[in-house]
Amino acid sequence: MKKLIFIMLLAMLPMMAVSATNGKDDNSKTVVFTVSPKMSCKNCENKIKNNIRYEKGVSRIATDLKQQTVTITYDSEKTNSENLSKAFRKIGYTAKECKTDAATEKAK
């Protein structure tokens, strides 16, 4: 029984090491978009989250109804903010990147 527990703990070590880095790597970038038409409800948020998350390189999406922003963390080797804007167009939204540092800092 002790051997079994020991083996299970050894098997879990690599998973704990990955979670300790919070999944961030050197290629991770965050961009904040405003969208048009405006998000007015949870259905709007869900439509964006459920479609944009399948874009290549996207690792995290957060929406904010009050600020009318969509914050996306992505792998810069797999995509860029222009490709993400195109993905918004596919689902009927126009996305403009917020250039303010305050918005990016808030997202972190």
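Predicted model: local features only at pLDDT ≥ 70, side-chain atom pairs only at ≥ 80, totals over all residues.

Me: Fine. What does the secondary structure of the chain come to?

Reply: The chain has 4 helices and 4 strands. Reading from the N terminus, the order is α-β-α-β-β-α-β-α.

Me: Let's start with H2. Which residues are buried there?

Reply: H2 covers residues 42–52, and its buried residues are Cys44, Glu45, Ile48 and Ile52.

Me: And why do they line one face of the helix?

Reply: Looking down the axis of H2, the buried residues fall within an arc of 100°, so they line one face.

Me: What's on the face of H2 turned away from the buried side?

Reply: That face carries Lys42 and Asn43, which are exposed.

Me: Tell me about the strands. How do S1 and S3 run, parallel or antiparallel?

Reply: S1 and S3 run antiparallel, joined by 7 bridges. Within that pairing, lysine 29 has tyrosine 74 in S3 as its bridge partner.

Me: What about S1 and S4?

Reply: S1 also pairs with S4, residues 94–97, in the antiparallel sense, over 4 bridges. Threonine 34 is opposite lysine 96 of S4.

Me: Switching to the surface. Which residues make the nonpolar patch?

Reply: Met1, Leu4, Ile5, Met8, Leu9 and Met12 make a nonpolar surface patch of about 650 Å².

Me: Take methionine 8. Where does it lie?

Reply: Methionine 8 is in helix H1, residues 2–20. The relative accessible area of methionine 8 is 48%, so methionine 8 counts as partly exposed; the exposed class would need over 50%.

Me: Now whole-chain numbers. What share of the residues is buried?

Reply: Of the 108 residues in the chain, 31% are buried. The accessible surface comes to about 7800 Å², and carbon and sulfur atoms account for 54% of that.

Me: And the contacts, how many join residues at least 24 apart?

Reply: Taking contacts between residues at least 6 apart in sequence, 66% join residues at least 24 apart.

Key:
Residues numbered from 1 in each chain as written. Heavy atoms only, no water. Buried < 20%, exposed > 50% of the residue type's maximum accessible area, 1.4 Å probe, protein only. Helix = DSSP H or I, 4+ residues; strand = E, 2+ residues; numbered from the N terminus. Arc of directions from axis to C-beta. Pairing = 2+ DSSP bridges. Patch = residues over 30% accessible without salt bridge, like charges linked within 9 Å, V, L, I, M, F, W, Y side chains within 5 Å. Areas by Shrake-Rupley, 256 points an atom, 1.4 Å probe, with all protein chains shown as cover. Salt bridge = Lys/Arg side-chain N within 4 Å of Asp/Glu carboxyl O. Contact = heavy atoms within 4.5 Å.
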